[in-house]
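Subject: Structure handover and notes

Hello,

Here is the structure I said I would pass on.

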Amino acid sequence: MCGIIGYIGHRQTQDVLLEGLSRLEYRGYDSAGLALHTGAEVMTQRAVGNLAMLRRSIGEEWSGGDMVATATAGATAGIAHTRWATHGGVTEENTHPHADCDGRIHIVLNGIIENHSALRAGLELEGCTFTSDTDAEPIAHLIERHLTAVDDLYEAVRRTTLELEGHYAIVVLDREHPQTLIAARKECPLVIGLGTGETFVASAAAAFRAFTDRTVVVGDGQLAVITPSGVSLSEASTALSMPVRVQRIGWVADDVEKGSYATFMRKEIDDQPAAFGATLAHHTGESGGFALGDAEPVLAAARRIVIVACGTSYHAGLLGRHLLHGWAHLPASVEIASEWRYSEPALERGDVVVAISQSGETRDTLAALRLAGESGVPTVAITNVEGSQICEHADAVLLTHAGPEIGVAATKTFTTQTALLAAIAARLAANRGMLNPRMRRNLAAQLRAIPDLMAETVIRSEPVAADLGERWSQAGFFFYIARNLGLPVALEGALKMKEISYVPSDAYAAGEMKHGPIALLSAATPTIAVAVGTPVVDKLASNVAEVKTRGAHVLAIASEDDPRMLEYADETIFVPALDWRLQPILAVVPLQLLALETAERRGLNVDQPRNLAKTVTVE
Ligand code: AGP
């Protein structure tokens, strides 16, 4: 995944682009570049490394070697890119923007051009010279070739898109048209920002939220002609004009700022109580009960729910399944999207497929959702990004309201997904007559208490996580055990530990431990026992006792009204008392903090882990 931005207007274009890139760095951070139209020429600067390296190279090259990027005066338009390499190594040559042979057409691409080799071969035969190994560069040369035939930028870009296979968002800057940018989109996000006498285009609205809250989503398969006075849209296949629908963004620019926090991940852990509360509030009806909008009739008709998701969203799905079983007595299964889509899934009448994806762009989850739709099964999407692709392919959409999540490690989107899944399970339980009015009220009250209890959990957990992060920072392996609803949280804790601390870790159903993994344990294995979310804490306690006989140091996450773990564990973090099925939502907080503290003690950048991008759009 990459981040792209374009700007045309009256501001210092270089500053706008660099500012925008800094908001998109979560999408890719192995190299970055920009191209500026000064009115007379196009100047390009590219650098391997993060944005600081691009600023530095601008300073060196354009500001007389003072090493600090100062704005290049006079630029009226520009495009910029932050890259996550997929085709071609991480080199300056492969960094976007890419240009045609003549240096007239400049492009940035997010996505993958699947037929790039064939396109490149054909263009080379026609005499084009390539300077990179990317799948993006052929696009600039194709536009160049079409321009010789039609001498019309819009038409040349349109014809180019008809030759592209794959999924992409592209922004094009033409030396001969300083007052126009052209963008195209197929299955990758692209959003326009409308200002006064200025227009923005980017992969995500976060890139320009500091300047405007008026947005237009470019539809799938559409082209956008962008000028300082606005945007026009058309269908790429037919060139027919399409309506422009202006929407206002709900969140503010501060939501994508770290403020006084050292990292986005730490900030986003603290954002969780408010995000959880906002997600519940958005799905509360006038009568005070949970309301699921368009998704309600779809879900209410389900005889079985099949949840498909990846990574952290999959873990949220696992928790949701338990709630659907426990409260609504509704059969549900949870599937890893990348497996399920290739597993010849047997869907039946009465099944409803629920796809969970914070970004709404994860390709395997999207493909699973499409597969369900093609099988004639109703679909519901749960996502954090309104207007993301998953919304286009589902029969109904339920939004989490976590605000933009910038850290690569998912935190607040996990907890908001659990909020929504709990609301669904509670609503379906009520519909199916599984809860009497008193139970219903009690459940809703417990759910609504979570934001405060979560804030308290952060305060309780922080000192212990900081202490253990220090003491365990050199551990070679972390082991997590849990039972029932604690297990998804243990899995999530282990994923966080791998992802940001680079320490091998595994999470197991505690009862499975003796069937193999216990062999891994020794005095050098920190073990985390999630002792909530299960009706059989006693059995988990026996498992902890077994772990202790191997000499391992144990941290237990337990309920404040249950002192049993004190007897077995070396350290215990007590989370506030709550319905036992909901307590795991609190228990994830100390695990997030432990992974973060461990990573920081190891000197790692928790917001940008190695080899990982925020959204996995590659198949
Ligand atoms: C975990 O911290 C991750 N960011 C990752 O596992 C993520 O949950 C997964 O890639 C799925 O992303 P999605 O929710 O945007 O589809």
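Two rings of Phe, Tyr or Trp (for Trp, its six-membered ring) pair if their centres lie within 6.5 Å; a pair is stacked if the planes are under 30 degrees apart, edge-to-face if over 60, and tilted otherwise. In this structure, such ring pairs link Tyr-7, Phe-200, Phe-208 and Phe-211 into a cluster.

Some housekeeping first. This is a predicted model, in which local features need pLDDT of at least 70 and side-chain atom pairs count only at pLDDT 80 or more, while totals for chains, interfaces and linings use all residues. Residues are numbered from 1 along each chain as its sequence is written, and side-chain values use heavy atoms, with hydrogens and water left out.

Aromatic pairs

A search of the whole structure turns up six aromatic pairs. Phe-200 and Phe-211 make a stacked pair, because their ring centres are 5.4 Å apart and their planes are at 15°. Phe-200 belongs to strand S10 (residues 199-202) and Phe-211 to the loop between S10 and strand S11 (214-217), so the pair ties together parts that are 11 residues apart in sequence. Helices (H or I, at least four residues) and strands (E, at least two) are DSSP runs, numbered from the N terminus.

Buried means under 20% relative accessible area, exposed means over 50%, and partly exposed is in between (1.4 Å probe, protein chains only).

Trp-472 and Phe-478 form an edge-to-face pair, with 5.9 Å from centre to centre and 65° between the planes. Trp-472 is buried at 7% relative accessible area, and Phe-478 is buried at 0%.

Thr-598, in helix H16 (residues 583-601), touches both Trp-472 and Phe-478. Gly-469, Ser-473, Met-497 and Ser-501 are also in contact with Thr-598, not counting residues up to four places away in sequence. Contact means heavy atoms within 4.5 Å. Thr-598 is buried, with a relative accessibility of 0%.

The ligand

Which residues come nearest to the ligand? Of the 14 residues around it, they are Ser-313, Ser-357, Ser-359, Thr-362 and Glu-499. A residue is near a molecule if one of its heavy atoms lies within 4 Å of it. By class, this shell holds five nonpolar, seven polar and two charged residues. Here Ala, Val, Leu, Ile, Met, Phe, Trp, Tyr, Cys and Pro count as nonpolar, Asp, Glu, Lys and Arg as charged, and the others, Gly among them, as polar.

The side chain of Ser-313 has an N or O atom 2.6 Å from an oxygen atom of the ligand. For Gln-358, a polar backbone atom lies 2.8 Å from a ligand oxygen. For Thr-312, a backbone N or O atom lies 3.1 Å from one.

On its own the ligand has 410 Å² of accessible area, and the protein covers 91% of that. These areas come from the Shrake-Rupley method with a 1.4 Å probe. Helix H8 (311-328) and helix H14 (486-501) are the elements that give two or more residues to the shell.

Leu-318 is also in helix H8. Leu-318 is buried, at 9% relative accessible area, and it touches Val-334, Pro-488 and Leu-491, not counting residues up to four places away in sequence. Leu-318 and Leu-485 are 167 residues apart in sequence, yet their C-alpha atoms are 8.0 Å apart in space.

Backbone points in loops

His-329 sits in the loop between H8 and strand S17 (332-336); His-329 has a positive phi of about 50° although it is not a glycine. Glu-187, in the loop between strand S8 (181-186) and strand S9 (191-194), has a positive phi too, near 60°. Glu-187 is buried, with a relative accessible area of 16%.

The peptide bond from His-96 to Pro-97 is cis, with omega near 0°. Pro-97 lies in the loop between strand S4 (77-83) and strand S5 (98-99).

Gly-49 is in the loop between strand S3 (42-48) and helix H2 (51-62). Leaving out residues up to four places away in sequence, Gly-49 touches Tyr-29, Asp-30, Ser-31 and Ala-32.

Regards

How values were computed
Polar contact = N/O pair within 3.5 Å; in protein donor to acceptor, adjacent residues only side chain to side chain.
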